[in-house]
Amino acid sequence: MLFFGILSVLLAVASAEFCYNDVEGACSTRPTSNDGALVPNCNAKYGAIDELEANLQSYVNANIESSFEFLLMSTYFGNFEAQREGFKQLYRKHSDKTWEDAIDLIKYIAKRGGRMNFNQLPRFKKSAKESRVVELNELNSLAKALDTQKLLANEALRIHALAQPHNKHDAAIAHYIEEKFLESHSERVRDLAGYTSDLKDLLTERDPSVSIFLFDEILKKSL
């Protein structure tokens, strides 16, 4: 019984997908190919990147989509009618950050031997009402920005949980998500929640138009 157990382990090791085996086969007198590639396993992939790659790709696209939403909001408040320079700067800042996050994720996928698929849709869906970003007032825009940032934060937590030992078990991906996203998202959510709460309280004053103007001036000087 012990002999058969050792034999099965040796056979499994011999048939494992290793770059060395590919090179040895490609350099033999009768080269063997796999899907047209002579050395399909000579890549940077290891761990659970194959299982988690689609989740990372969808998260890239979620960040790109959110970046354009924030950019539209910034453009709206920067036009000659709204003239809210503080809100314009706030949403441009979030647009730039989510765009940078998407670029960083693409680089990480490539570093782990994967490829970016821009057809991999975001995991979370928004209704038609939630997707509208044009002609929002100041408080509604803050609420929408907060909701969007929470969706991104929750998605980062989901991918982080998938990479934990009780699931796919890829500590490198879990560490990357934790270091790059989790702390940053908590700060962004906290800032937007604070802005939303403060503006809501200011709008209870007798002249809300003055309150909004002063709030926008504070935003402009603080960013």
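A nonpolar core is taken here as a set of buried Ala, Val, Leu, Ile, Met, Phe, Trp, Tyr and Cys residues joined through side-chain atoms within 4.5 Å, where buried means under 20% relative accessible area and exposed over 50%, with partly exposed in between (1.4 Å probe, protein chains only). The model is predicted, so to speak of local features requires pLDDT of at least 70 and side-chain atom pairs count only at pLDDT 80 or more, while totals for chains, interfaces and linings use all residues. Residues are numbered from 1 along each chain as its sequence is written, and side-chain values use heavy atoms, leaving out hydrogens and water.

The largest nonpolar core holds 23 residues, and Leu 56, Tyr 59, Leu 105, Ile 173, Ile 177 and Phe 181 touch the most other members. Two or more residues come from each of α3 (49–77), α4, α6 and α7 (helices being DSSP runs of H or I, at least four residues, numbered from the N terminus). The largest share, 7 residues, belongs to α3. Leaving aside residues up to four places away in sequence, Tyr 59 touches Leu 105, Leu 152, Glu 155, Ala 156, Ile 159, Phe 181 and His 185 (contact means heavy atoms within 4.5 Å). Another core, of 17 residues, lies apart from this one and includes Phe 215.
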